[in-house]
Amino acid sequence: MENETLMVSACITSYYHEAYISHAISSVLAQNVNFNYEIVISDDCSKDGTQEIIKKFAEKFPCIRYKFNEKNIGLTKNVFQARCMAKGKYIIPLSGDDYWIDNNKLQKQVDFLEKHPEYIGVATRIEMRKENSKTAEFIDPPLDRCDRTFTLRDFLGGKNFPMNGFLMRNLLKEKYELFSLMPKMSPYIDDLTDCILILMLGNIYIMSDATVAYRRSIGQEGLHNFNSINRGMDKVKKEIDLLNKLYSKFGKKIDLFERYKMTLGPEIAKNYRAGTAKKFRKIINTIPVEYRKRGIVVHSVLYIIPKTIEVIRRKIRI
């Protein structure tokens, strides 16, 4: 290697990923780079064959370190634990059921951040794929959001950037107190808090390259993710609880109105009926008064009307 500095820590989190973890690890090992990197894996007490596969990789490749949790600690704590294991100048997350599809991914992103100290991190596009499909259902984010700077204002305004495959400067020691908020805000949802915390520290850049495959699991492994375990009103409550905690922590430093709207609107469309009206009112009453006075419920309903009409149109065409 041209540089003896440990440049990147690829932080893989796994939980019942026996069918996929080999693909995830191999996609990192396949990277063409001119620097040193490590792979750190935090497994959250999987009881299938995930841990045995990880051990075999670690025996063969010295760049791999791992930690197996003796009891389940939950998604966000596991993500944070993997990040705390990282020793590289940069860190990059990868879920054990996803994989990288560009063998030059790391080199491209590291080169960018080395040349652009004004950015805290750099994201790429993600291909959404079903199970083991080699073709994308769609690619996110759209091209009009790529090859440009992305800010906290963009995110709070309702736009997203992919945390999956996002390379960022390792500021954990310097900003430990801030980043340690992520697992405290919610045991289940990491991306929303993570994105806000990162963008509070600086802007990022989104490349137009698609370098990551996000696997939309439909098999047994998919039964362990947040959306499968949490449905209906439980899911709504946990998502709104997270936003409420972010509001309590940051108050007027960040305006979460659009994020409440984007969370509440689709859930009203999917779950609101006579039997859930009381539960919805209970959840809505937990939303900060400031946002309720601004008409969050009405805006949430207006937000989903065009989407609902489009779904109906598609069904009529079919």
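**Ground rules.** I am working with a predicted model, where local features need pLDDT of at least 70 and side-chain atom pairs count only at pLDDT 80 or more, while totals for chains, interfaces and linings use all residues. Residues are numbered from 1 along each chain as its sequence is written, and side-chain values use heavy atoms, with hydrogens and water left out.

**Entry: the cores.** I looked up nonpolar cores, meaning sets of buried Ala, Val, Leu, Ile, Met, Phe, Trp, Tyr and Cys residues joined through side-chain atoms within 4.5 Å. The largest has 54 residues, and F155, F161, I196, I204 and L256 touch the most other members. Helix α10 (residues 232-250) is the top contributor to this core, with seven residues. My helices are DSSP runs (H or I, at least four residues), numbered from the N terminus.

Which residues does I196 contact, leaving aside its neighbours within four places in sequence? I found L152, F155, L156, L246, I254 and L256, taking contact as heavy atoms within 4.5 Å. Another core, of 35 residues, lies apart from the largest one, and I noted I12, F35, F112 and L113 among its members.

**Entry: salt bridges.** I counted a salt bridge wherever a side-chain nitrogen of Lys or Arg comes within 4 Å of a carboxyl oxygen of Asp or Glu. The search of the whole structure gave me 18.

I picked out D194 and R83, whose closest N and O atoms are 2.7 Å apart. D194 sits in helix α8 (residues 191-201) and R83 in helix α3 (residues 75-85), so this pair ties together parts 111 residues apart in sequence. D194 is buried at 1% relative accessibility, and R83 is buried at 6%.

Next came R294 and D255, with a salt bridge at 3.2 Å, N to O. This pair also links distant parts of the chain, 39 residues apart: R294 is in the loop between α13 (289-293) and α14 (296-317), and D255 in the loop between α10 and α11 (257-271). Buried or exposed?

A local pair is K270 with E267, at 3.6 Å between the closest N and O atoms. They are three residues apart in helix α11, so about one helical turn separates them. E267 is buried, with a relative accessible area of 4%. I also noted that K235, E239, E267 and K270 are linked in a network of salt bridges.

**Entry: cysteines.** How many disulfides are there? Taking a disulfide as a pair of cysteine sulfur atoms within 2.5 Å, I came to zero. For C84, the nearest cysteine sulfur is that of C11, 9.3 Å away. C84 is partly exposed, at 37% relative accessibility. The sulfur of C146 is 15 Å from the closest cysteine sulfur, in C195, which is too far for a bond. C146 is buried, at 8% relative accessibility.

**Entry: a spot on helix α14.** I checked V298, which is found in helix α14. At 54% relative accessibility, V298 counts as exposed.

How values were computed. Buried < 20%, exposed > 50% of the residue type's maximum accessible area, 1.4 Å probe, protein only. Helix = DSSP H or I, 4+ residues; strand = E, 2+ residues; numbered from the N terminus.
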